Amino acid sequence: MNKKSIYTLLLIPVWFLIYFYLESMTNWLIYDAIGLTEGKHLSKSIWFFAFEVPKVLLLLVLIIFIVGIIRSYFSAEKTKKYLEGKSLLRGNIMAALLGVVTPFCSCSAIPLFLGFVEAGIPIGVTFSFLIAAPMVNEVAIFFLLEDKNFGWEIALIYLTSGLTIATISGYIIEKLQLQKYVADWVYKVKSSHEETEDETIKSFDERIEYAIDQVKEIVQKIWLYIVIGVGIGAGAHGFIPQDALAPFLGKDSWYGVPLAILAGVPMYSNAAAVVEIIKPLIAKGVSIGTALAFMMSVIGLSLPEAIILKKVLKWQLIAVFIGVVATGIIIVGYILNLII
Amino acid sequence: MEIKVLGSGCAKCNKLTEATKAAVEKAGVDATITKVEDMLKIMELGVMTTPALVIDGKVVSKGKLLSVDEIVELLQK
């Protein structure tokens with residue numbers, strides 16, 4: 001192991017130390033050092049903000065790091081090879097599962113799509129991958145697990161419903177025989193199958209390096225959203241009455257789920273940031289089903305991604321893709337509102 | 001030396017082009033840098049994750065925004 005890896009691993013105990021003393025440190029800072037009076041609305045809000053922002057950022061760093069190490073064992077190439085020649089339904093399930101762990105950025109959606117199609121992977125299986133990749137986000141799973149308002153049940157529901165939507169949507173897209181709505185030039189693509197070297201073997205140092213890069217990249221991209229999300233939560237803390245949103249977005253509101261999905265489409269954000277935004281919403285009476293529908297819509301159904309896909313798909317197929325996925329999210333949202 | 005940066009105009013691809021230019025200067029090698037945005041050509045090289053870097057016809061990195069020093073190292077190989 002090189003020095004960088006050793007230092008990185010040594011930071012992990014430091015991380016736990018800070019994390020477990022964070023509450024006492026925040027108490028000291030807010031009530032002793034700054035001297036705010038305990039128990040007031042405003043002090044509570046400030047305390048919440050001062051505690052929650054570093055807490056979430058700490059969690060984020062650790063989780064992305066762990067996920068980065070896991071992801072370094074996967075690659076788009078390996079996934080492609082694995083999916084080649086798989087039968088339809090089985091292929092859809094595998095594609096959805098691999099979509100969760102394969103490193104993927106929506107800016108690579110096109111070359112990945114082309115690579116899959118060129119390898120003879122059915123369109124429907126490719127779609128299962130493309131739907132699951134953004135929608136089922138492992139960082140979001142950890143965030144749901146960690147938060148006491150959600151817990152493992154919700155994390156599990158999120159994971160299974162996301163996988164189910166991805167699997168079934170892909171299956172339907174294949175069954176609808178929509179191949180003709182893929183841009184014609186896509187089928188002319190020829191790709192070299194030469195393996196580039198050092199792709200398969202990765203040293204542990206390289207995995208750590210990769211994980212560190214992931215941490216930097218994602219934290220840079222979303223820290224501001226988290227600060228804003230927590231800020232909204234802190235501002236709402238004690239000021240907006242509990243259940244204020246329940247009549248509109250609670251479980252008994254029939255239009256809550258579709259409204260949440262519509263609101264989510266134009267937004268495009270990272271799943272971890274969305275979790276921070278829906279937390280205060282749930283505290284104010286938005287039901288879990290509606291909140292998860294919103295989250296899946298933000299990360300799974302995005303206008304920018306649809307625009308990217310326009311290069312390889314005709315609009316009919318994009319419409320079907322959005323329609324099928326939106327229907328899936330609506331169903332999941334209503335079911336959750338019924339049972340929780 | 002012939003260097004190609006593959007990518008269809010995403011932010012990371014532009015950054016990789018900049019880093020490559022800086023690396024060529026730093027390493028003091030004689031190289032031409034071209035940007036490849038044509039998907040068909042990118043696919044011909046078997047690349048599924050952009051940005052990717054090709055040196056003398058060989059894919060040396062993909063799906064990663066390399067730092068200037070990392071590219072210098074690759075150039076000197």
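This passage describes the contact between chain B and chain A, and then a cavity lined by residues of chain A. The model is predicted.

The size of an interface is often given as the accessible area lost when the parts come together. Here, chain A and chain B bury about 1700 Å² between them. Carbon and sulfur atoms account for 61% of that area. Three methionines stand out on chain B: B:Met39, B:Met43 and B:Met48 supply 38% of the area that this chain buries against chain A. In residue terms, the contact draws 22 residues from chain A and 17 residues from chain B.

Two salt bridges are found between chain B and chain A. One of them joins the side chains of B:Lys12 and A:Glu217, at 3.2 Å from N to O. On the side of chain B that touches chain A, α2 (39-44) and β4 (58-62) each give two or more residues. The largest share, four residues, comes from α2(B). By type, this side of chain B divides into eight nonpolar, five charged and four polar residues.

The structure also holds one cavity of 30 Å³ or more. The volume of the largest cavity is about 50 Å³. Its lining includes A:Val265, A:Gly300, A:Leu301, A:Glu305 and A:Phe321. Two helices of chain A, α14 (303-309) and α15 (315-339), each supply at least two lining residues. The most come from α14(A), with three residues. Six of the lining residues are nonpolar, two are polar and one is charged.

Note on methods
Residues numbered from 1 in each chain as written. Chains lettered and ligands numbered in written order. Predicted model: local features only at pLDDT ≥ 70, side-chain atom pairs only at ≥ 80, totals over all residues. Heavy atoms only, no water. Contact = heavy atoms within 4.5 Å. Buried area = accessible area lost by both parts, 1.4 Å probe. Salt bridge = Lys/Arg side-chain N within 4 Å of Asp/Glu carboxyl O. Nonpolar A, V, L, I, M, F, W, Y, C, P; charged D, E, K, R; others polar. 1 Å grid on protein atoms, 1.4 Å probe; cavity = no way out; pocket = protein on both sides within 12 Å on 5 of 7 lines; lining within 4 Å. Points joined across faces, edges and corners; volume = space filled by probe spheres on them.
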